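Thanks for coming. I will go through the pockets and the cavity, one at a time.

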Amino acid sequence: MKIIEVTTAAQRKEFITFPKKLYKGDSFWVCPLDKETEGVFDPSKNYVFSHGEAARWILAGDDNRTIGRVAAFIDRQRAKVYSLPVGGMGFFEVIESKE
């Protein structure tokens, strides 16, 4: 297993499309719009980037197939308010596997 930071266009696409494969066949899952998900990571669309940042990663299995994704965020302006700077995580999705 390896964790890969999303830095290329192909990796951004994989980050966006992974849940579509993961939840295929789940009639209760509502797919978010690709444009909206990508907008979260676009500094021109997400005002938090004026005082924060985000990173995202793909988890790849031994066969290089994507088996998960996650993102981390920090709003430096809000983090200054707390005695211990805090951030957040989101977009955490992984395949079901006991391994």
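A word on terms before the residues: a pocket here is an open set of grid points with protein on both sides within 12 Å along at least five of seven lines, and a residue counts as lining if it has an atom within 4 Å of a point. Keep in mind that this is a predicted model.

Start with the largest pocket. Its space comes to about 260 Å³. The lining is made up of M1, L59, G61, D62, D63, R65, I67, V94, I95, S97 and E99. Sorted by class, that lining has 5 nonpolar, 2 polar and 4 charged residues.

Next, the second largest pocket, with a volume of about 210 Å³. It is lined by 16 residues, and V48, F73, I74, D75 and R78 are the closest to its centre. Which elements give two or more residues to this lining? They are strand 2 (52-60), strand 3 (66-75) and helix 3 (76-79).

How many cavities of 30 Å³ or more does a search of the whole structure find? The count is 1. The largest cavity holds about 50 Å³ of space. Around it sit the lining residues I16, P19, K20, W29, C31, P32, D34, T37 and R69. Two or more of these come from each of helix 1 (9-22) and helix 2 (34-40), with helix 1 giving the largest share, 3 residues. By class, the cavity lining contains 5 nonpolar residues, 1 polar and 3 charged.

That is the list; I will take questions.

Key
Residues numbered from 1 in each chain as written. Predicted model: local features only at pLDDT ≥ 70, side-chain atom pairs only at ≥ 80, totals over all residues. Heavy atoms only, no water. 1 Å grid on protein atoms, 1.4 Å probe; cavity = no way out; pocket = protein on both sides within 12 Å on 5 of 7 lines; lining within 4 Å. Points joined across faces, edges and corners; volume = space filled by probe spheres on them. Nonpolar A, V, L, I, M, F, W, Y, C, P; charged D, E, K, R; others polar. Helix = DSSP H or I, 4+ residues; strand = E, 2+ residues; numbered from the N terminus.
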